[in-house]
Amino acid sequence: MTSPDPRLRRAMGLVLLACIPGLLASFWTQGWGVLFSLLLCASSALGCEAALLAVRRLPVLPALNDGSALVTAVLLALALPAAAPWWLPVTAACIAIGVGKQAFGGVGRNLFNPAMVGYACVLLNVPLQMTHWPSQALGFIDSLQLVSGSATQIDAWAGPTILDGLRHNRSLTIDELFASHPGFGNVGGSSSEWINLALLLGGLFLWLRKVISWHAPAGLLSGLFLFSLLAWNGSGSDSNGSPLLHLFSGSTMLAAFFIATEPVSGPKSNLARLLFGFGAGALIYLIRTWGSYPDGTAFAILLMNLTAPALDRFASRRQQALP
């Protein structure tokens with residue numbers, strides 16, 4: 001039996017450790033649905049990976065022990081709505097592993113970020129269920145009813161996110177939105193700003209432990225900040241939101257430190273990683289502001305995955321041209 005690569009296993013273990021602050025913040029602000037989503041994603045991802053490896057007649061335990069499927073599941077659990085019905089995280093996790101990973105040959109061969117493949121597929125096919133974000137931290141029973149699909153008054157528990165509220169605002173100023181919309185907090189979303197802060201701390205931990213480099217996160221955050229700053233038109237009713245609002249809303253820090261840094265589907269050189277992140281940050285802002293979806297992380301990352309080989313070639317030629 002072939003043992004998993006110890007370096008890969010160590011890296012995946014550190015990524016899982018870095019996700020703990022984000023999971024705790026999500027649990028604190030959204031309730032038990034986060035835990036249910038995590039369990040459903042993890043069991044589905046591991047089960048799907050084991051089944052597909054068995055079909056391909058490959059060793060099952062070494063692949064499951066490397067931690068990559070579990071990392072994909074955790075990232076999905078952080079990205080998916082905590083109030084989504086049970087079949088949504090199951091479907092997203094199976095697509096992430098089956099289409100995003102095993103269809104390309106397994107770990108180390110995927111062309112696209114597996115978690116974002118699963119997320120984008122369910123977002124495109126069941127967009128209504130992807131809006132079921134709890135407006136407050138829900139208890140065990142309420143969360144169980146939502147996940148099982150037995151809840152009869154979803155509108156009593158679910159509400160629009162800050163990015164939804166900003167997109168559909170037509171009459172209120174930004175200050176009025178912050179004062180009246182339950183989804184608005186101090187600088188961003190009332191729950192998402194804490195989740196983003198926790199994921200920022202987890203991302204810095206990964207950088208300090210040299211699991212990731214700073215280039216892709218810095219590129220993404222600077223791209224999002226620059227474009228939101230250039231297009232910021234004040235606090236009127238037609239405002240697109242301030243740079244701080246965009247940095248601490250949606251899945252910004254998850255994208256910067258945990259998605260854009262995925263080594264297989266992203267570029268290999270530091271300059272290419274910087275450009276990759278900057279392009280992803282710019283696309284996230286453009287999709288949020290003028291696209292059809294309030295957040296743009298999945299589509300931005302998947303589009304930039306297509307450019308990774310070209311960015312590596314550009315960076316290589318640039319390095320060779322230097323004296």
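**The second largest pocket**

Modeller: Five helices, α1, α4 (68–79), α6, α11 (215–230) and α13 (252–259), each supply at least two residues of the lining of the second largest pocket. Helices here are DSSP runs of H or I with at least four residues, strands are runs of E with at least two, and both are numbered from the N terminus. Please keep in mind that this is a predicted model, in which local features need pLDDT of at least 70 and side-chain atom pairs count only at pLDDT 80 or more, while totals for chains, interfaces and linings use all residues. Residues are numbered from 1 along each chain as its sequence is written, and side-chain values use heavy atoms, without hydrogens or water.

Back to the lining. The biggest contribution to the second largest pocket comes from α1, with five residues. In total, 33 residues line this pocket. Those nearest its centre are Met12, Thr261, Glu262, Pro263 and Val264. A pocket is an open set of points on a 1 Å grid where a 1.4 Å probe fits, with protein on both sides within 12 Å along at least five of seven lines; lining residues have an atom within 4 Å of a point.

What is the lining made of? It divides into 20 nonpolar, eight polar and five charged residues. Nonpolar covers Ala, Val, Leu, Ile, Met, Phe, Trp, Tyr, Cys and Pro; charged covers Asp, Glu, Lys and Arg; the others, including Gly, are polar.

Now the setting. Trp28 is exposed, at 56% relative accessibility. Trp194 is partly exposed, at 40%. Phe104 and Phe112 make another aromatic pair, a tilted one, at 6.3 Å and 55 degrees. Phe104 is partly exposed at 31%, and Phe112 is partly exposed at 22%. Aromatic rings of Phe, Tyr and Trp (its six-membered ring) pair when their centres lie within 6.5 Å; planes under 30 degrees apart are stacked, over 60 edge-to-face, the rest tilted.

Salt bridges come next. There are two, each a side-chain nitrogen of Lys or Arg within 4 Å of a carboxyl oxygen of Asp or Glu. Glu49 pairs with Lys101, with the closest N and O atoms 2.9 Å apart. Glu49 lies in α2 (residues 33–55) and Lys101 in the loop between α5 (87–98) and α6 (114–125), so the bridge links parts 52 residues apart in sequence. Both ends are buried: Glu49 at 1% relative accessibility, Lys101 at 3%. Arg288 and Asp295 form a salt bridge too, at 3.0 Å from N to O. Arg288 is buried at 5%, and Asp295 is buried at 16%. Buried means under 20% relative accessible area, exposed over 50%, partly exposed in between, using a 1.4 Å probe and protein chains only.

Finally, the whole protein. It has 15 helices and two strands. Of its 323 residues, 51% are buried. Among contacts with a separation of 6 or more, 75% join residues 24 or more positions apart, where contact means heavy atoms within 4.5 Å.
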